[in-house]
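Hi everyone, thanks for coming. Let me put today's chain up on the screen, and then we can walk through it together.

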Amino acid sequence: MSAVTGADLREAADETTRVLLPHRDRDWSVPAGSLTWSCWTTAAHIAHDLLAYAGQVTGRPDDGYLPYDLRVSPDASPTQVLTVVRACAGLLAAAVEAAPADARAWHFGPCDPAGFAAMGVAETLLHTHDITVGLGVPWQPPQRLSALVLRRLFPDAPPGAAPEVLLWMTGRGELPGRARRTSWNWQAAVD
């Protein structure tokens with residue numbers, strides 16, 4: 001099984017920018033898919049999670065999340081929020097690349113740097129999907145990145161095309177012959 005890397009985080013952020021930037025002039029105050037958050041708030045949430053994960057990887061707390069938060073200026077345009085997402089993805093990528101593979105930090109148990117990278121890719125892809133649904137933009141997460149996330153965070157995933165399975169595993173899509181999921185959890189802890 002290949003580990004999720006900093007390069008994968010950058011690729012996910014690049015994909016987010018590629019798909020969403022052309023729609024920067026649309027109304028980002030609409031709900032992001034089935035979420036109660038707006039598309040703008042959902043994009044800011046991606047950045048928040050990426051920065052929080054970077055702090056975990058570098059600070060290595062073993063009992064909870066570090067007590068800090070990212071605040072994106074409420075006046076930031078969608079373009080600026082996407083730039084913040086890319087910046088935070090770069091910070092997490094750098095943290096993952098600098099950390100030894102055997103480092104551990106808390107995420108509901110001890111998690112390795114590759115696990116934080118996988119969660120960062122997952123947050124980026126899944127919430128990009130939420131935003132595209134809210135904006136009415138047809139898009140699915142990339143196959144390769146979806147497969148990496150499934151292997152690392154969802155070892156019980158059923159067979160099938162990785163983007164569709166990832167969306168189903170997280171309650172965002174349908175799979176033939178399976179009920180839609182209403183709750184889910186990924187498995188990031190390793191020890």
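Let's start with overall shape, keeping in mind that this is a predicted model. For a chain of 191 residues, a compact globule would have a radius of gyration near 16 Å, and this chain has 16 Å, so the two agree.

Now, what is the chain built from? There are six helices and two strands.

What does the record say? UniProt, in an unreviewed entry, lists residues 9-131 as "domain: Mycothiol-dependent maleylpyruvate isomerase metal-binding". Please take that name as the record's annotation. In the model, that stretch is 59% helix and 3% strand, and its end C-alpha atoms are 18 Å apart.

How do the parts of the chain meet each other? Looking at contacts with a separation of 6 or more, 66% of them join residues 24 or more positions apart. As for burial, 53% of the 191 residues count as buried.

On charge, the chain carries 15 positive and 20 negative side chains. The centres of those two sets lie 4 Å apart.

That's my tour, and I'm happy to take questions.

Notes:
Residues are numbered from 1 along each chain as its sequence is written. This is a predicted model: local features need pLDDT of at least 70, side-chain atom pairs count only at pLDDT 80 or more; totals for chains, interfaces and linings use all residues. Side-chain values use heavy atoms; hydrogens and water are left out. UniProt positions are given in the numbering used here, feature names are shortened, and annotations may be inferred rather than shown by experiment. Helices (H or I, at least four residues) and strands (E, at least two) are DSSP runs, numbered from the N terminus. The radius of gyration is taken over C-alpha atoms; the globule rule is 2.2 Å times the number of residues to the power 0.38. Buried means under 20% relative accessible area, exposed over 50%, partly exposed in between (1.4 Å probe, protein chains only). Contact means heavy atoms within 4.5 Å. Lys and Arg count as positive and Asp and Glu as negative; His and the chain ends are not counted. The place of a charge is taken as NZ of Lys, CZ of Arg, CG of Asp or CD of Glu.
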